[in-house]
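Student: I'd like to take a close look at one single part of this model. Could you start there and then walk me outwards to the rest?

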Amino acid sequence: MKKITLMICAAAFLFAACNSKKDEDKKTGETSKETTNEAKTEDKAWVPVDSAMMEKVWKENMTVGEQHKLLAKTSGNWTGDVSMWMGEGAPPVKSTTTSTSKTIYNGLYVQATDAGDMMGMPFEGTSTMGYDNLKKEFFCSWIDNMGSGLLVTRGAWDEANKKITLTGISTCMNGQQGEIKQVYIMTDDDHHIMEMYSPDPATGKQYKNMEIKYTRKK
């Protein structure tokens with residue numbers, strides 16, 4: 001039972017993360033950050049929004065751009081070869097998954113559902129990826145049947161290496177917060193790779209704990 005708990009914590013798609021930072025320190029940091037942000041908001045004069053500005057920005061915000069078209073290339077049916085590592089240097093645990101992806105809301109988002117088997121238990125999760133035209137960043141949300149939380153990550157496209165790197169904060173089963181990283185590598189139209197990095201359960205040092213190599217079904 002203990003082994004299964006650790007595996008789920010380290011490898012489930014909620015990507016549970018641990019680190020040594022104390023919750024109290026985090027709360028203090030968040031309070032300080034919120035106070036600073038409030039001060040900045042108050043110091044900056046509000047820019048009036050007229051009908052012309054609203055129409056222009058609204059149209060820009062809902063326009064499908066090259067970033068959305070890039071994500072749309074992952075639409076379709078896929079098989080995934082999954083490798084998970086329970087700790088840095090540990091042997092990989094192999095499994096397979098199937099994924100069905102589709103564009104939604106006029107192509108602004110890609111929604112994908114993965115289904116497979118994890119340690120003898122049925123697994124299913126859903127992600128929504130998109131590109132925020134206003135914030136100029138990619139984002140991804142994730143929920144699954146092995147947890148009750150929501151994972152949100154944000155990041156940018158790396159043109160030189162053809163990949164999207166997203167980061168976010170996840171809560172581990174011990175209640176502590178830790179940073180996770182997702183990397184989407186666009187190999188070609190029929191292949192892409194998702195890598196997941198999180199703190200090692202024993203040391204807190206970030207390592208690659210999951211890799212899924214997707215191949216389009218013919």
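Student: Where does Asn106 lie?

Tutor: Happy to. Asn106 lies in the loop between strand 2 and strand 3, where strands are DSSP runs of E with at least two residues, helices are runs of H or I with at least four, and both are numbered from the N terminus. This is a predicted model, in which local features need pLDDT of at least 70 and side-chain atom pairs count only at pLDDT 80 or more, while totals for chains, interfaces and linings use all residues. Residues are numbered from 1 along each chain as its sequence is written, and side-chain values use heavy atoms, with hydrogens and water left out.

Tyr105 is placed in that loop too, between strand 2 (93–104) and strand 3 (109–118). Most residues other than glycine have a negative phi. Asn106, though not a glycine, has a positive phi of about 60°, and Tyr105, not a glycine either, has one of about 50°. Asn106 is exposed at 75% relative accessible area, and Tyr105 is exposed at 61%; exposed means over 50%, buried under 20%, and partly exposed in between, with a 1.4 Å probe and protein chains only.

Strand 2 and strand 3, along with strand 4 (121–132), strand 5 (137–144), strand 8 (177–188), strand 9 (191–199) and strand 10 (206–216), each give at least two residues to the lining of the largest cavity. By type, the lining splits into 14 nonpolar residues, six polar and one charged; Ala, Val, Leu, Ile, Met, Phe, Trp, Tyr, Cys and Pro count as nonpolar, Asp, Glu, Lys and Arg as charged, and the others, Gly among them, as polar.

Of its 218 residues, 37% are buried.

Now to the charged pairs. The whole structure has ten salt bridges, each a side-chain nitrogen of Lys or Arg within 4 Å of a carboxyl oxygen of Asp or Glu. In helix 3 (residues 51–61), Lys56 and Glu60 sit four residues apart, about one turn of the helix, and their side chains meet at 2.6 Å, N to O. Glu60 is partly exposed at 39% relative accessibility. Helix 4 (residues 66–72) holds Lys69 and Glu66, three residues apart, with a salt bridge of 3.6 Å, N to O. Here Lys69 is partly exposed at 46%, whereas Glu66 is exposed at 58%. Glu159 and Lys162 also pair up, with their closest N and O atoms 2.3 Å apart; Glu159 is partly exposed at 46%, as is Lys162 at 36%. Finally, Glu195, Lys208, Glu211 and Lys213 are linked in a network of salt bridges.
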